[in-house]
Amino acid sequence: TYGALVWSKTISEAAISVTTDGEVILDGNAHGGYLFEMVIHNTGSAASYRLYYNNDTINTNYRYTEHYTNGGATHNITGGNDAYILGLSVLATSGRINWQGVISIDGAGYISTNGQGIQATDDMLRNDGHYKAGTVSNLTRIDIIANVANGIGINSRFRLWRRM
């Protein structure tokens with residue numbers, strides 16, 4: 001189960017990135033992982049998003065998979081070698097996605113995320129998976145980065161609850 005809210009951020013000025021760094025002390029080992037929620041309002045150009053752990057922003061250190069349904073058609077993308085959290089699908093200008101998932105670190109030091117969401121303005125249902133290819137000693141920082149300026153618009157919201 002999940003309990004205490006450890007981080008909540010609502011964007012008041014459009015941004016390209018959001019980070020837990022300097023805002024909360026994460027301890028993935030002690031907390032046992034996190035429930036992660038993001039509601040992104042895109043106010044810039046069409047955007048895609050990447051998720052990074054512990055300030056490691058080298059895309060080839062991550063893998064992702066996605067499955068989504070759009071307009072009745074089902075799509076699968078597997079084996080991607082990148083840090084995409086929302087896969088290669090792009091959130092359209094003036095788009096919105098509500099997504100939640102679980103971020104966990106296992107006993108061997110691998111961090112993974114899996115989640116689901118609704119990309120409401122694009123009529124898209126999503127299931128996404130993401131993991132860091134190498135091991136870490138702990139999960140201490142999370143960064144979400146859009147590929148375009150203002151890809152994370154005003155009133156976008158991010159939350160983490162620790163595992164109990």
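Trainee: How many bridges join β7 to β8, and which way do the two strands run?

Mentor: Two strands pair if DSSP finds at least two bridges between them. Here, in this predicted model, eight bridges join β7 to β8, and the strands run antiparallel. Gly101 has Gly115 of β8 as its bridge partner. Strands themselves are DSSP runs (E, at least two residues), as are helices (H or I, at least four), numbered from the N terminus.

Trainee: What sits between the strands in that hairpin?

Mentor: Five residues, and Gly109 takes a positive phi near 100° in this hairpin.

Trainee: Which side chains of β8 are buried?

Mentor: First the cut-offs: buried means under 20% relative accessible area, exposed over 50%, and partly exposed in between (1.4 Å probe, protein chains only). In β8 (residues 111-119) the side chains alternate. Ile118 has Leu125 of β9 as its bridge partner.

Trainee: Why is β3 largely enclosed?

Mentor: Six of the eight residues of β3 (residues 34-41) are buried, so the rest of the structure largely encloses this strand. Eight bridges join β3 to β7 (residues 96-105), antiparallel, with Glu37 opposite Gln100. β3 also pairs with β11 (residues 157-163) in the antiparallel sense, over six bridges, and there Tyr34 is partnered with Arg162.

Trainee: Which residues have the most contacts inside the largest nonpolar core?

Mentor: A nonpolar core is a set of buried Ala, Val, Leu, Ile, Met, Phe, Trp, Tyr and Cys residues joined through side-chain atoms within 4.5 Å. The largest one has 33 residues, and Phe36, Tyr49, Ile142 and Phe158 have the most contacts inside it. Two or more residues come from each of β3, β4 (49-53), β7, β10 (142-146) and β11. Contact means heavy atoms within 4.5 Å. Leaving out residues up to four places away in sequence, Tyr49 touches a list of residues including Ile40, Tyr84, Leu91, Ile145 and Ile152.

Trainee: Where is Asp27, and is it buried, exposed or partly exposed?

Mentor: Asp27 lies in the loop between β2 and α1 (28-31). Its relative accessibility is 27%, so Asp27 counts as partly exposed. Not counting residues up to four places away in sequence, Asp27 touches Tyr34, Asn138 and Leu139.

Trainee: What about the whole chain: how many helices and strands are there?

Mentor: One helix and eleven strands. Buried residues make up 45% of the 164. For overall size, the radius of gyration is taken over C-alpha atoms, and the globule rule is 2.2 Å times the number of residues to the power 0.38. With 164 residues, a compact globule would come out near 15 Å; the chain has 15 Å, so the two agree.

Trainee: Where is confidence lowest, and where is it highest?

Mentor: pLDDT is the predictor's confidence in each residue, from 0 to 100. The chain's mean is 87, and 92% of its residues reach 70 or more. Confidence is lowest in β6 (residues 73-80), at a mean of 70, and highest in β2 (residues 17-19), at 97. Where pLDDT is low, the predicted coordinates should not be read in detail.

Mentor: Some ground rules: residues are numbered from 1 along each chain as its sequence is written, and side-chain values use heavy atoms, with hydrogens and water left out. In this predicted model local features need pLDDT of at least 70 and side-chain atom pairs count only at pLDDT 80 or more, while totals for chains, interfaces and linings use all residues.
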